[in-house]
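I opened the notebook to record what I looked up in this structure, starting with the sheet and moving on to the helices.

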Amino acid sequence: MPYHKRVIILGIESSCDDTSASIIENGVIRSNIISSQKVHEMYGGVVPELASRAHQQNIVPVVDLAIKQSGISKEAISAIAFTRGPGLLGSLLVGTSFAKGFSLAMNIPMIDVNHLQGHVLAHFIKKDEIDLDKPKFPHLCLLVSGGNSQIIVVRDYLEMEVIGQTIDDAAGEAFDKCGKVMGLPYPAGPVIDRLAKEGNPDSITFSKPRIPGLNYSFSGLKTSFLYHLRDELKINPDYIVEKQADLCASLQKTIIEILIGKLVRAAKETGIKEITVAGGVSANSGLRDELVHQAVKNSWKLYLPELRFTTDNAAMIGITGYYKYLKGDFASHEMVPFARMVINE
Ligand code: KG4
């Protein structure tokens, strides 16, 4: 690895409904500004056209604030890293176009980042120069977000292999869609997490998938949840209101059992005991508790991400950009964003 005295990366994230910018200096976080778009709440999900418009409004003030808060001058930035995909095309275009303009204006390279790799590498963001307890290679990462549920073997910073993934919905979608039919606001994941604490996780049984190998499926659970509500509402129209906490606790328990079952199996099959979890759903308190329990049971070395790095943020894009910078892996100005991308693309 070449010796670089001071590498300063400006990271940009705009793949969905969060506009974010971050300054990372030699792997250490100096600032991380996130502007979450509220405009989607009334629609019960992200509206792509509204998302890209909000990114356009937010990106300059968000970047400006990230640079100011870092205490580092704009001229000292070594490169700009941006999310190339996967995500909403219109949203990705805003970040990509901004990166091109900034790169040309400041005469610095730009670095394209795969959003999924960013989630995985969020574990390597250092709080300060002495923050050195980081996952070793190879490790297994359970990546669970609104769009993905994957088990990944992470062999090096930029060398990853997916060994299991969802064949339909993601875990986050299961939380959000089941929450929607209960009338909860979007995104329902954090609300279900909170309500589940008051409920009995064993009160209702939902069907669990029987998918071979290390793959996941969550669409059957969604249907099972929907049919359960339909049947119960026929008997008692107030069923959802009266049983809300139990419904949340039982749903959450089922999602966690599905996720953990395959992760335990993946750890056994690969012999890897260094485990990480990433993505929005990794903020779930029930999942975190169960991971700690399994770590003790299976002698894993477990790394739980800080809550602020679980959902979309630019610090994870900045840290990925940092490792790509060290490899001299830069993007051309002709590069276009991709709505669909796999982790090792
Ligand atoms: O990683 P993320 O911010 O966006 C994607 O890249 O998809 O993940 C968003 C997802 C949403 O589905 C949201 O409901 C879920 O993460 N989520 C949670 C919690 N916090 C966020 N799900 C369960 N429990 C939580 N505490």
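In which sense do strand 1 and strand 4 pair, and over how many bridges? I read the pairing as parallel, over four bridges, with L10 standing opposite I80 in strand 4. I note here that I am working from a predicted model.

I then looked up the sheet as a whole, which is open, has five strands in the order 3-2-1-4-5, and shows mixed pairing. Strand 3 (28-36) and strand 5 stand at its edges with a single partner strand each, so one side of each is left without a neighbour in the sheet. Neighbouring strands are turned by 20 degrees against each other on average, direction ignored. I found helix 1 lying across strand 1, strand 2 (18-25) and strand 3, and running at about 25 degrees to strand 2.

Next I turned to helix 2 (residues 89-106), whose 18 residues reach 25 Å from the first C-alpha to the last, close to the 26 Å expected. I listed its buried residues, among them L92, V94, F98 and F102, and saw that the buried residues pack against strand 1 (8-13), helix 1 (48-70), strand 4 (79-85) and strand 5 (110-114). After helix 2 comes N107, with a positive phi near 55 degrees.

Last, I checked helix 7 (residues 239-270) and helix 8 (residues 285-298), whose axes come within 10 Å and cross at roughly 35 degrees, in a right-handed crossing. The contact includes I256, L259 and L263 of helix 7 and L287, E290 and L291 of helix 8, and by class it has seven nonpolar, four polar and one charged residues.

Methods. Residues numbered from 1 in each chain as written. Predicted model: local features only at pLDDT ≥ 70, side-chain atom pairs only at ≥ 80, totals over all residues. Heavy atoms only, no water. Helix = DSSP H or I, 4+ residues; strand = E, 2+ residues; numbered from the N terminus. Expected span 1.5 Å × (residues − 1). Buried < 20%, exposed > 50% of the residue type's maximum accessible area, 1.4 Å probe, protein only. Contact = heavy atoms within 4.5 Å. Axes fitted to C-alpha atoms, helices over the stretch in contact; angles between N-to-C directions. Left-handed = near helix turned anticlockwise from the far one by under 90°. Nonpolar A, V, L, I, M, F, W, Y, C, P; charged D, E, K, R; others polar. Pairing = 2+ DSSP bridges.
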